[in-house]
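Q: Could you take a close look at one part of this model for me, and then walk me through what surrounds it? I would like one connected account that I can follow on screen.

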Amino acid sequence: MNIQFDTDHLEAPAGQAFVLEFDNNDPGVPHNVEIKDAKGASMFKGQIITGPAKAAYQVPALAAGTYMFVCDVHPTMTGTLTIK
Ligand SMILES: [Cu+2]
C-alpha cells in the first residue's frame, strides 16, 4: 500500500485561522494531520479518521514560519507547511 500524503508541501496565510481539507482515501486505514513547529511542539492535532472519509480541520492562526505536518498513525507520512 502507498502510505503517504498526496502533497509534501502546503501553504497558508500567517495570522489567520484556516481550514485544512483532509481527504483520507485509504479504506480501513486511519490517518490524521498534526502540525508541529520547527522545535517539534504540537500546534494543531487533527482528529484521526478512518478512510474513506473527509475532515475539515479548523487550524488556528499560526505565526509566519516553516512547520511540519505529520500523520500520527504513520510517522513516515510528513510534509512541510509554509505560513507566510
Ligand atoms: Cu497515516
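A: Let's start with the lining of the largest pocket, where β2 contributes the most, with 5 residues. Please keep in mind that this is a predicted model. The space in the largest pocket comes to about 310 Å³. Its lining is made up of 17 residues, and those closest to the centre are Gln 4, Phe 5, Asp 6, Phe 22 and Asp 23. Sorted by class, the lining holds 7 nonpolar, 6 polar and 4 charged residues.

The structure has 4 aromatic pairs. In one of them, the ring centres of Phe 22 and Tyr 57 are 5.7 Å apart and the planes meet at 20 degrees, so this pair is stacked, the cut-off being under 30 degrees.

Phe 5, Phe 22, Phe 44, Tyr 57 and Phe 69 are joined by ring pairs into a cluster. Another member, Phe 44, belongs to strand β5 (residues 42–45). Phe 44 has 12% relative accessibility, so it counts as buried. For a distance to check on screen, the C-alpha atoms of Phe 44 and Pro 60 are 7.5 Å apart, while the residues are 16 apart in sequence.

Now for the metal site. The copper ion is held by His 31 through ND1, Cys 71 through SG, His 74 through ND1 and Met 77 through SD, at 1.9 to 2.7 Å. The angles subtended by these 4 donor atoms run from 92 to 130 degrees, which makes the arrangement tetrahedral. Along the sequence, the spacing of the donor residues is H-x39-C-x2-H-x2-M. His 31 lies in strand β3 (residues 30–31), whereas His 74 is in the loop between β8 (65–70) and β9 (78–83), so the pair ties together parts that are 43 residues apart in sequence. His 31 counts as buried because its relative accessibility is 3%. His 74 is buried too, with a relative accessible area of 18%, where the limit is under 20%.

Technical notes
Residues numbered from 1 in each chain as written. Predicted model: local features only at pLDDT ≥ 70, side-chain atom pairs only at ≥ 80, totals over all residues. Heavy atoms only, no water. Phe/Tyr/Trp six-rings, centres within 6.5 Å; stacked < 30°, edge-to-face > 60°. Donors = N, O, S within 2.8 Å, 3.2 Å for Na, K, Ca; no water. Tetrahedral: all angles 85-135°; square planar, octahedral: opposite > 155°, others 65-115°. Helix = DSSP H or I, 4+ residues; strand = E, 2+ residues; numbered from the N terminus. Buried < 20%, exposed > 50% of the residue type's maximum accessible area, 1.4 Å probe, protein only. 1 Å grid on protein atoms, 1.4 Å probe; cavity = no way out; pocket = protein on both sides within 12 Å on 5 of 7 lines; lining within 4 Å. Points joined across faces, edges and corners; volume = space filled by probe spheres on them. Nonpolar A, V, L, I, M, F, W, Y, C, P; charged D, E, K, R; others polar.
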